[in-house]
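Please walk through this structure with me, one region at a time.

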Amino acid sequence: NRIAAGARVRVPLRNRQVIGTVVSVSDTTSAKGVRPIASVMDERPQMTPVLMKLAKWMADYYACDEQDALRCILPRAVRETGHAPLKRKFAVLSRQVNTAELEALRKRAPRQAVLIEALQRAGAPVAVAKLAAEFGSSDAALKTLARRGLVEITSEAVRRAPRGSEEFVASKQPQLSSEQEKALEGIRPALREPDKHKPIVLKGITGSGKTEVYLRAIGEVIDAGKTALVLVPEISLTPQTVERFASRFAPKGIGVAVLHSHLSEGERHDEWHRVRDGKARIVIGARGAVFAPLENLGLIVIDEEHDTSYKQDEGPRYHARDLAVVRGKMEPCAVLLGSATPSLESFENCRKGKYDLLELSHRHDGCVLPGFRVVDMRLRSKDGERNDQFISPKLATAIESRLAKGEQTILFLNRRGFFTVLACKACGKKVECPHCSVSLALHKKEDMARCHICGYAQKPPRKCPQCHDPQIAFSGVGTEKVEAAVKKMFPQARVARMDSDTMTGKNAYHETLGAFRSRKIDILVGTQMLAKGLHFPGVTLVGIISADSALHLPDFRAGERTFQLLVQVAGRAGRGDAEGEVIVQTFTPAHPSLQFAKSHDFDGFAAHELEMRGKAVEVRSEEHTS
């Protein structure tokens, strides 16, 4: 009865044994030469029936092998045998040691006496490693005490927690606004009878309190004895989201697990098994967390559902948002997609009646949306020279003003590196990636030219690869260059950069965002990982260095993504007592994406963009017919 779909088994393959996953079970076979399974690896199947069903759906929909889908669902830390629970040794007194015994021991073996005193003070098991660190004790001293019957040494499995032994203080539930109450009331029927309701899109402006609606809905799911899954697009959002959810649920004894790619293999192993064993009833994570082995699932929340980070960029190229909707139908459970700027696919599904739509149109704290100022970078300055500086005088003045008032600034540019284009002055040849045919970006600190699509890297060329002229010109602006310029312009400011080049350490996200929240950083320069979901009351200015960086890409979604980024990053400003401001620098100020973002008008943008796409489809149909 341990053999079932989803179980891992060892099977003989020629003269060796390999690990396989059972996909189905049959009592008979007509095949010849079938050999018996060598052993079953798990006490119960590692994958739930729904995940097995989801793997088959993935294989069919994304045109991949079923084994590739299974590898996505079962992480390597669980799939491979080299990972096991971490065990640590603990020491505890076996019996009480009187004063006379302790004095005699202090004369004969002072180190042993120190250990006895430490264990007496603790009154509970103490980690052997901690005793060694604090008192310089050796295994020999503890073993001697154990042989004499004074100390008992045990071995226990210890959880490798992503945030260590961090404790969360219970948070109070804020009063819901009338809009939030209405939205929660609209979600409740789907929580009670998910098989009879559609996925729900919660369209709420930045700062409208969508997260509190998620928390209340999850609270009702947990009270009903079910589990919940929360997906966030960026790992940078995970620490803040975990803190909010754990502060609400952990003090009540409800386990919250974290699943994302920055976990160590050991942490991933332990978190996954906490979920599988039912010790964690809420899972928070990036796109891979859509495969969390939760049972009795009651709600899936996809925060910032429009974000492109939900799309896997290597095979199988699944979309976590779409898989969440499919899984919600298979479970069945309620599915809630939240965003200030929903994807046009989801918005069109609402228009067609496939999804239900709920809206939050006001900020829950009564603050107004930040005002937009568009700086036309085409204009010439008063002295007649062209304004080629990537930080305009208006933006520089606004930053200076915020520094004087002790307020914080976010500078956004969705381009990494120092220079984004390397080209020959003589023949015009660009230095491109040999695999992707896109310009390599110069990363000055590490002195490497990198492709931001496939990761290819090489040393910056000293001469043109085509005409061999030594005049290589560097142009374009990346976050590394912006950081250097800001430090030079504002030497008194505390400046930090947040992009995938700097966020390489295990706790880099948590430390940088924590420093910014505690106002140890005045100006934070970053890419799109700063654009969504983060809440910093001290930020009153957001400067968008170049609104055109993604606007003219050969992608029919370029306008949509630019609009979403502008609105999302603008939403980081004005979340505290002071009013916020957004300064957008652009060479195309009349573009519809910028104009609709300026007025925070999603409905207007969606109507315009969907009409344009409809006309494009009609033109293509006519061309095909002719």
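A residue is buried when its relative accessible area is under 20%, exposed when over 50%, and partly exposed in between (1.4 Å probe, protein chains only). Helices (H or I, at least four residues) and strands (E, at least two) are DSSP runs, numbered from the N terminus. This is a predicted model, where local features need pLDDT of at least 70, side-chain atom pairs count only at pLDDT 80 or more, and totals for chains, interfaces and linings use all residues. Residues are numbered from 1 along each chain as its sequence is written, and side-chain values use heavy atoms, with hydrogens and water left out.

Start with confidence. pLDDT is the predictor's confidence in each residue, from 0 to 100. Its mean over the protein is 87, and 95% of the residues reach 70 or more. Residues 381–388 fall below 50; this stretch has 7 contacts (heavy atoms within 4.5 Å) beyond near neighbours in sequence. Where pLDDT is low, the predicted coordinates should not be read in detail.

Now take helix α17, residues 558–570. The expected span of a helix is 1.5 Å times one less than its number of residues. For the 13 residues of α17 that gives 18 Å, and the end C-alpha atoms are 18 Å apart, which agrees. Of these 13 residues, 12 are buried, so α17 is largely enclosed by the rest of the structure. Among the buried ones are Glu-560, Phe-563 and Gln-568.

On a 1 Å grid over the protein atoms alone, a cavity is a set of points where a 1.4 Å probe fits but cannot get out, and a pocket is an open set with protein on both sides within 12 Å along at least five of seven lines; lining residues have an atom within 4 Å of a point. The structure holds 4 cavities of 30 Å³ or more. α17 gives the most to its lining, with 3 residues. Thr-562, Leu-565 and Leu-566 are in that lining, as are Phe-412 and Asn-414.

Next, an open site. The second largest pocket has about 780 Å³ of space. Of its 35 lining residues, the closest to the centre are Thr-211, Glu-212, Gln-240, Arg-244 and His-535. α10 gives the largest share of the lining, 7 residues.

Finish in a loop. Val-438 lies between β16 (421–424) and β17 (441–443). Val-438 counts as partly exposed because its relative accessibility is 26%.

Notes:
Grid points are joined across faces, edges and corners, and a volume is the space filled by probe spheres set on the points.
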